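Please walk through the structure shown below with the text alongside.

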Amino acid sequence: MTATLAAPQTAIATVVAYPIREDGFLIDQPRRGVLMSLRGDEFNFELAEPQTVRRAPMVIGVTGANGQTGYAGVIVAYDRFRADARLVCAIRGGIGETILSEEGRVPALEQRRFQFQRPYSDEIYASWEAVGILKRMVLDRVLLCPGCRAVPTFRFACRKCCSGRLNHPLLVHHFACAHVGPLSDYEAAASLKCPKCQTKHLIAGTDFEYAPAQYTCLDCGWNDYELEQTGHCLNCELRFPIHKAVEQELVGYDAERLDALALVTELE
Amino acid sequence: MHWLSSLSWNEIAFIIAGMLVLDGPRYCLTTTLVVLYDWACDCYRVVIGRPEPAEFTHCPSVCVMIVGRNEGDSLPATLQSVIGIYPRLEIVICDDGSNDNMSTFAREWARQHSEISTTVVQRPWRGGKSSALNLAYQHSQAEIIVAVDGDSHLEPDAIWEIVQPFADAGIGVVSAMVRVRNAFTNLCTSCQAFEYLQSILVGRRVSAGLGILPLASGALAAYRRDLLERVGGWDVGPGEDLDICMKIRKLGFQIAFAPYSTCQTEAPTKWWALLKQRHRWDGDSSVRHFIRKHGDYTNPFWKTFTWSNLLVFWDAVIFHLLCGIATVVWLFAECLQPSNVPYLFMLLTIYVAAVLCEIPSFIGILYYSRTRKTDGVLGLILPLMPLYRFLMLIVRTQANVREILYRDSFNQRHVPPHVRAATWHW
């Protein structure tokens, strides 16, 4: 795309521009001005600011006739200073656009450490939120590992050591003699045979039922009927009961993105 | 005396038969002998200055099993009575398909009392008490399994007392004392309370002393775990507590009685409920278990035969089955063949004799009891006991006859229908 500085035209919308540093922090105070023209991702606007300001990337907020402000991150392609104003030809992109994009605003699961992360520091988002570019919103609440804040897997596991490696044999209750024992004791050649009364060819439902059996932990040997919902951290391997998990708000930011096509349509 | 001397031998035989079938002389004689023997032993110990033996010297690991259905209301007090009464204790609670909050409460209790190893087993549907017991005891590695009903409350030394007889390797099961918690609610419960004292505190002491105790009440009984495994656990009820004791006796082990291992249980307060309960209890014991299922007790060529088991068999058959039937026959005979003796006068004589026969067992109660004051007050009911016994005897006879004719015990609602349908009808 070739950006050219358009000739002076009449203003079509008001613009507020926030210069930003390469690391994402906002610089100084916003500059106000007017949008002269736009073409695709190219914006020509005039800012009232002293000549000392350098060609930093910006976030511009364009307020249309309906009073709504849409924001876009831009990099300055050309600029020209006049006595008390600056004519800027900017193209959508740069770090501002990165932060305004969904990937920049919403925390994502980092694949190696299984932690929710946003690409920039909280201070940057706070400064953007302070001037009204971003709006803080709670996306979800998540339970995280109390050790490293990574995402665990949750499953029913041993109440003692939180291991998910469990043995759960089936117990069989033979109605006729009231014997209750593991299924393996009943298994005979091609059918089931009660080890107590020696009755053969047992039929499920008619002759026997399955009874609840204890879980046996293969790691610590703990026996219990009840399992507990526990977490197993995918990052640090910590096992912990669910009540020890850290509950954390998953916070993202919302931004009103500048829709150039909608703005043009509105102007027409 | 003049009246007695005027009777013919035939008439005296009728009177003696009446006394015999009322079971009085048996208790009277044996109780007198055993109480006198114990009294003599105590006197001898005092005379020679031998100190009383140390109370608790045996401390095996114990698992208290509480098996029940819809016992959510009574379970809290039962569990409360178990806390801190024995050092090597674990608890298994088995909920046999309850519709109430039994297992929820049990789990909550287990969480609150994490110092006691507690396992809660919840069956999603009802499978019967026997299989629930079989399921429960497999979840413990304790040497001694103590079965407790969900509505039984243990007294503080109950577990210590019940495990002491296991110091003798020949003891397989220990029966405990069951007392009526609501003894003074009404006449019905008072009669039951006195009957429990007679038949358990004194009667079982006598039977255990003679080596012919056949039963440990399901309300509180202790079993050696290895023996439970050898006999395959409990069979389908009703009467599963008698059945397993009989199976363990066949292995050559004795049943001991721990008179001061006490649990309190709730007795029926209505006469009709009591009669139904006794009908249920009595129907299966003599006919189903002694005669039909464990008839090999009488076979001297059978490998499990012992003379004490033979005595147990005849004790049950004569006094629990034949005496009842004889009573009914005797009553009819008396009605149909009026003798020279005025009928009411003869009945009154029998009744007075029966009351007199109760006195030795009452003395036995006072001698052995540790709560003499309360038990002494219950003795006021003694003159009514022959009447009560007669009522119970009629119920027992009816239950036995129905069992002989219809195998009634296999239709009891205490066993789930699908289990009833599948089990063997002895």
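The face of α5(B) that is turned away from its buried side carries the exposed residues B:Arg111 and B:Gln112. This is a predicted model, and the helix in question, α5 of chain B, spans residues 102-112. Its buried residues are B:Met102, B:Ser103, B:Phe105 and B:Ala106. They cover an arc of only 160° around the axis, so they sit on the same side of α5(B). What lies over these buried residues includes β1 (62-68), α4 (75-82), β2 (89-96) and β3 (117-123) of chain B.

In soluble globular proteins, nonpolar side chains tend to be buried together. The largest nonpolar core here has 103 residues. Those with the most contacts inside this core are B:Met65, B:Ala136, B:Ile145, B:Val146, B:Val174, B:Ala176 and B:Ala222. Helix α8 of chain B (residues 187-210) gives the most to the core, with ten residues. A second, separate core has 35 residues, and A:Tyr18, A:Phe43, A:Leu47 and A:Val88 are among them.

Which residues does B:Val174 touch, leaving aside its neighbours within four places in sequence? The contacts are B:Ile162, B:Pro165, B:Phe166, B:Ala216, B:Ala221, B:Ala222, B:Ala256 and B:Ala258. One of these, B:Ala222, is itself listed with the residues that have the most contacts inside the largest core.

The mean pLDDT of chain B is 87, and 94% of its residues reach 70 or more. Within the chain, helix α2 (residues 9-21) has the lowest confidence, at a mean of 64, and strand β7 (residues 220-224) has the highest, at 95. For the model, ipTM is 0.83 and pTM is 0.73.

The two chains meet in a contact that takes 16 residues from chain A and 24 residues from chain B. On the side of chain A that touches chain B, the residues divide into eight nonpolar, three polar and five charged.

Chain A itself is divided into domain 1 (1-140 + 253-268) and domain 2 (152-246). The C-alpha centres of these two domains of chain A lie 60 Å apart.

A:Leu134 is found in strand β9 of chain A, which covers residues 134-144. Is A:Leu134 buried or exposed? There are 24 other C-beta atoms within 10 Å, so A:Leu134 is buried. Apart from neighbours within four places in sequence, A:Leu134 is in contact with A:Arg105, A:Tyr125, A:Trp128, A:Glu129, A:Tyr253, A:Asp254 and A:Ala255. A:Leu134 and A:Tyr71 are 63 residues apart in sequence, and their C-alpha atoms are 9.4 Å apart in space.

Two loop residues of chain A remain, and both concern phi. Most residues other than glycine have a negative phi. A:His201 is not a glycine, yet has a positive phi of about 55°. A:His201 lies in the loop between β15 (191-192) and β16 (208-211) of chain A, and counts as exposed because there are 10 C-beta neighbours inside 10 Å. A:Glu237 is also a residue other than glycine with a positive phi, near 70°. The place of A:Glu237 is in the loop between β19 (228-233) and β20 (239-241) of chain A. With 12 other C-beta atoms within 10 Å, A:Glu237 is exposed.

Conventions
Residues numbered from 1 in each chain as written. Chains lettered and ligands numbered in written order. Predicted model: local features only at pLDDT ≥ 70, side-chain atom pairs only at ≥ 80, totals over all residues. Contact = placed C-beta atoms within 7 Å. Nonpolar A, V, L, I, M, F, W, Y, C, P; charged D, E, K, R; others polar. pLDDT = per-residue confidence, 0-100. Helix = DSSP H or I, 4+ residues; strand = E, 2+ residues; numbered from the N terminus. Buried ≥ 20, exposed ≤ 12 C-beta atoms within 10 Å, placed from the backbone. Arc of directions from axis to C-beta. Domains from an automatic or database assignment. Core = buried A, V, L, I, M, F, W, Y, C linked by C-beta atoms within 7 Å.
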